[in-house]
Amino acid sequence: MSRIIVLLALLGLASCTPFRLVPPGPLTVEHTFVVDVPHAWNAVSGDRAVLMTMDGPTLDAVVFHPGIEDGKTLFYKVDLEAQQNPLLVWAGIEKDLVSYRFRKDMSEHELMDLYIASATKMGDHKISFAAANLAPFTLGGKPGFRFDYTVTAPDGVHRRGMVVGAVVDEKLSMIDYRGTSLYHFEKHKPAVDAMIASLRFVKD
Amino acid sequence: MNPIDRRTFTTGLCGCMLSGLAGCATTHQTGSAYDLSDTPPGYKPDIHSDEAGLWMQINKTEADMRTAANRIRDKAVNDLVHDIICRLTQDYCADLRPYVLRSPEWNAAMFPTGLTFVYTGFLLQAKNESQVAAVLGHEFGHFRRRHSLARMRDARTKDDIAAALGIGLSMVVAGADFSRLVNLGLNASKLAFSRDHEREADAIGIDLMSKAGYDPYEAGAVWRRVIDIDAASGQDDYHDPYLSTHPTHEEREETLKKLAAEKRKPAVPPPNRLHQVVAPIRASMLADQIDLGTFKRTEKLFDLLIADGLNPGEVLYYKGELYRRRNKEGDDTLALGLYHEAAEAAGAPPEALRQVGLMRWRKGDKDGAREYFRRYLGATPGAFDREIIQNYLKGA
């Protein structure tokens, strides 16, 4: 069970939030961008992210990270300073902790590093990422980046993933898609690719 | 349904009492916590004993550890740890099963079943093989003296006493609840017992490492490094004399120094294969330290590793990463300086060249950046980010 909890935490999924059914059609994510969902999908809002899955979040998951602001962490749970006791901070007794935060002028390498370091922290260091194929990518008509990765979580299942993202109006938006290497990644990839291709930013 | 007769009732009552006693015989078969003999080589506990229950729990943990995703599979690293254990423990070698786990925490442990784990954070921090031997020797001291079993029995006995005293005192003073007061006293007693075990294990460990040809002075040096890192982080070893499980780091350093003086220095240089063996996984160990999010502690550790002089370029690069990620005022400049220094030092990863390029690009020095991007691609023919670097070279 603890392995599943680590895995769900890694996906930024709040454990008590109920799933809802997203019908086919346009889906606006946190007033930041719109994607066309090709068929009905299960969705749940998590920690600064929205997760969608077809067969269950441990098998396949699309995670939208919409509009992360300059100076914010990718997930609230990895904002170590925000979780310090304010009274102790006021008294000058701060813990020796520094969070890895998004900054608007980050390079593509730094954005990839931010994602991997944040996800590793969310997984309590019990997961292992290997990134590949960092390349330029156009997301919603904006210059961005993409990379592939493989990840091994405590449940021992090998998963493949890909991330696309762009910094628009000084805010970072990313889409992370992952699934089991054996089956689910390839199963849903065409639908996810179509969703990514349909993305447009709300201010456009 | 027929009413129960007297004979059936009496028989049933006797049965219940007997089964109750049998239950007592199983669950309260504790034995003493205080005069346990050493674990002999090849030891297995009686299947009906409380010790067997402890082993069963640990075996479940080992089953998970065997297939853990963060288990280090590098054969050379595992062989080294196993060899150090065998040098220290001789006849017990076959009973001890080490697992090296990827975790940035500073920790290692040996359980009564022989399950042993070593975190990579501990291997990274160790200055040499003698320091690894000091800690594994200490852990073997716990194993041989059966400290886990002793602590389990001691805790159970004291919990029984706490319950009896709590009830007794409450009967004397009606309405009063003494259970918290009694628990406080007995918990302090349990922890004092634990601290004594640590002292005993330290003495056993230094004796074994000395006999195995390691430098006994490195046992105290382990704690000097821990003290220095704690001090740098602003979190000195706060020690509650009643509620700490271990003696202070300072006490351990001092005691181990005194014990080392009683030992012979090794006649030949002690084995020191550590850094050569962990070199292939050292980059991930350094990166994991940064992921912990403890800035001052990690900076101090990196400074100590740079001072050790082994592949300083690699550590300088990760120190640059530490500053870049923190991103306070001036950190970019500090990081760029460290990347530059790393790029020209021994053992630097090619990524140091790329980071110099990216930092220079951000600062507007595009020609200088392109020079480092070319060097990076030259040093990394199969670079996973070739396409994006070539974009920079084209002037994107």
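**Figure 1. H10(B) passes H11(B) in a left-handed crossing.** Left-handed means that the near helix is turned anticlockwise from the far one by less than a right angle, while clockwise would be right-handed. The residues that make the contact are B:Arg282, B:Leu286, B:Gln289 and B:Ile290 on H10(B), and B:Thr298, B:Leu301, B:Phe302 and B:Leu305 on H11(B). Contact here means heavy atoms within 4.5 Å. H10 covers residues 274–291 of chain B and H11 covers residues 295–308; they pack at an angle of about 150 degrees, with axes 9 Å apart. The axes are lines fitted to C-alpha atoms over the stretch in contact, and angles run from 0 to 180 degrees between N-to-C directions.

A quick note on the model: it is predicted, so local features need pLDDT of at least 70 and side-chain atom pairs count only at pLDDT 80 or more, while totals for chains, interfaces and linings use all residues. Residues are numbered from 1 along each chain as its sequence is written, chains are lettered from A and ligands numbered from 1 in the order written, and side-chain values use heavy atoms, leaving out hydrogens and water.

**Figure 2. H15(B) and H16(B) pack at an angle of about 150 degrees.** Here the helices are residues 366–379 and 386–394 of chain B, and their axes lie 10 Å apart. That makes the pair roughly antiparallel. H15(B) brings B:Arg370, B:Phe373, B:Arg374, B:Tyr376 and B:Leu377 to the contact, and H16(B) brings B:Arg386, B:Ile389, B:Gln390, B:Tyr392 and B:Leu393. The crossing is left-handed.

**Figure 3. A disulfide joins B:Cys86 to B:Cys93.** A disulfide is a covalent bond between the sulfur atoms of two cysteines, counted here when those atoms are within 2.5 Å. In this one, S to S is 1.9 Å. The torsion about the S-S bond is about 50 degrees, so the disulfide is right-handed. Over all chains, the structure holds one disulfide.

**Figure 4. B:Asp332 sits in helix H13 of chain B.** That helix spans residues 331–343; helices are DSSP runs of H or I with at least four residues, numbered from the N terminus. B:Asp332 has a relative accessible area of 15%, so it is buried. Leaving out residues up to four places away in sequence, B:Asp332 touches A:Arg103, B:Asn327, B:Met359, B:Arg362 and B:Lys363.

Note on methods
Helix = DSSP H or I, 4+ residues; strand = E, 2+ residues; numbered from the N terminus. Parallel < 35°, antiparallel > 145°, perpendicular 65-115°, else oblique. Buried < 20%, exposed > 50% of the residue type's maximum accessible area, 1.4 Å probe, protein only.
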